[in-house]
Amino acid sequence: MDAENLFWSRTGGLDVRQIARRFWTKVDKQGPNDCWLWIACTNKDGYGRFGIRRGYVEWAHRVAYFLSGQSVPSGLVLDHTCDVKRCVNPKHLQPSTHKHNILRGTGFSASNFRKTCCPQGHLLDGRRSNGRRYCMTCNRIEANRRRRILGVPERMPRGAYFGRVQVVSVLDC
């Protein structure tokens, strides 16, 4: 079942015009291109909530999008292009992937995604096996600092022993 049919199936047989009338009375409409602010119930994060019927509450911006005759394709979420959480203007809502929606925001993940340099100003040019980026220059400096503390030369001569392990070249194997 696609998202639109699932949405309308949850109306419980109520008349869509009645739902729309109830919904739009809770919206402060300005101009057609301005934000239409939800003035009723919001959650702790500031997003509008609308009770379709007893026991079923939906996000206000999703209801506005469906009432405007549009549907959200499966696997996508609605992104507020105006970055106003209480806005329910369908012109300010755009279907996008969850990842794109998060990275367009202002949260921790989005701010880290936009970083290109480490705190020292070097490029984040390395990538770990888990996908995290790091600064290869700072990593090299820190590795050399640890080697100096341990008394290990930066490059071990071939055939030398470090602890109980003999250092050999890959070419010797």
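Q: Helices (H or I, at least four residues) and strands (E, at least two) are DSSP runs numbered from the N terminus; with that settled, how many helices and strands are in the chain?
A: The chain holds six helices and 10 strands. This is a predicted model, in which local features need pLDDT of at least 70 and side-chain atom pairs count only at pLDDT 80 or more, while totals for chains, interfaces and linings use all residues. Residues are numbered from 1 along each chain as its sequence is written, and side-chain values use heavy atoms, with hydrogens and water left out.

Q: What share of the residues counts as buried?
A: Of the 173 residues, 24% count as buried, where buried means under 20% relative accessible area, exposed means over 50%, and partly exposed lies in between, with a 1.4 Å probe and protein chains only. The chain exposes about 12100 Å², of which carbon and sulfur atoms supply 52%; these areas come from the Shrake-Rupley method with a 1.4 Å probe, and for residues only the protein chains shown count as cover.

Q: And what share of the contacts is between residues 24 or more positions apart?
A: Such pairs account for 35% of the contacts with a separation of 6 or more, a contact being heavy atoms within 4.5 Å.

Q: Which residues make up the largest nonpolar core?
A: It has 12 residues in all: Ile 19, Phe 23, Val 27, Trp 36, Trp 38, Phe 50, Ile 52, Tyr 56, Ala 60, Val 63, Ala 64 and Val 88. The term stands for a set of buried Ala, Val, Leu, Ile, Met, Phe, Trp, Tyr and Cys residues joined through side-chain atoms within 4.5 Å.

Q: Which helices and strands supply at least two residues of this core each?
A: They are helix H2 (16-24), strand S3 (49-53) and helix H3 (60-67), with H3 giving the largest share, three residues.

Q: Changing topic to charges, how many salt bridges does a search of the whole structure find?
A: The search finds six, each being a side-chain nitrogen of Lys or Arg within 4 Å of a carboxyl oxygen of Asp or Glu. One of them joins Asp 83 to Arg 104, at 3.1 Å from N to O. Asp 83 lies in the loop between strand S5 (77-80) and strand S6 (93-96) and Arg 104 in helix H4 (residues 98-104), so the pair ties together parts that are 21 residues apart in sequence. Arg 104 is partly exposed, with a relative accessible area of 29%, and a network of salt bridges links Asp 79, Asp 83 and Arg 104.

Q: Is Asp 83 buried or exposed, and what is its phi?
A: Asp 83 is exposed, at 55% relative accessible area, and it has a positive phi of about 65 degrees although it is not a glycine.

Q: Which salt bridge does Arg 145 form?
A: Arg 145 pairs with Glu 142, the closest N and O atoms being 2.6 Å apart. The two residues are three places apart in helix H6, so about one helical turn separates them. Arg 145 counts as partly exposed at 37% relative accessibility, as does Glu 142 at 26%.

Q: How far apart are the end C-alpha atoms of H6?
A: They are 21 Å apart, which agrees with the 21 Å that the 15 residues of H6 (residues 136-150) should span at 1.5 Å a residue; the expected span is 1.5 Å times one less than the number of residues. Just after H6, Gly 151 takes a positive phi of about 80 degrees.

Q: What about cysteines, and how many disulfides does the search find?
A: It finds zero disulfides, a disulfide being a pair of cysteine sulfur atoms within 2.5 Å. The sulfur of Cys 87 has its closest cysteine sulfur in Cys 82, at 3.7 Å, which is too far for a bond, and Cys 87 is buried at 0% relative accessible area. Cys 117 is partly exposed, at 37% relative accessibility, and its sulfur is 7.1 Å from the closest cysteine sulfur, in Cys 118, again too far for a bond.

Q: One last thing, where is Asp 45 found?
A: Asp 45 is in the loop between strand S2 (37-38) and S3, and is partly exposed, with a relative accessible area of 41%. Its C-alpha atom is separated by 8.2 Å from that of Lys 85, which is 40 residues apart from Asp 45 along the chain.
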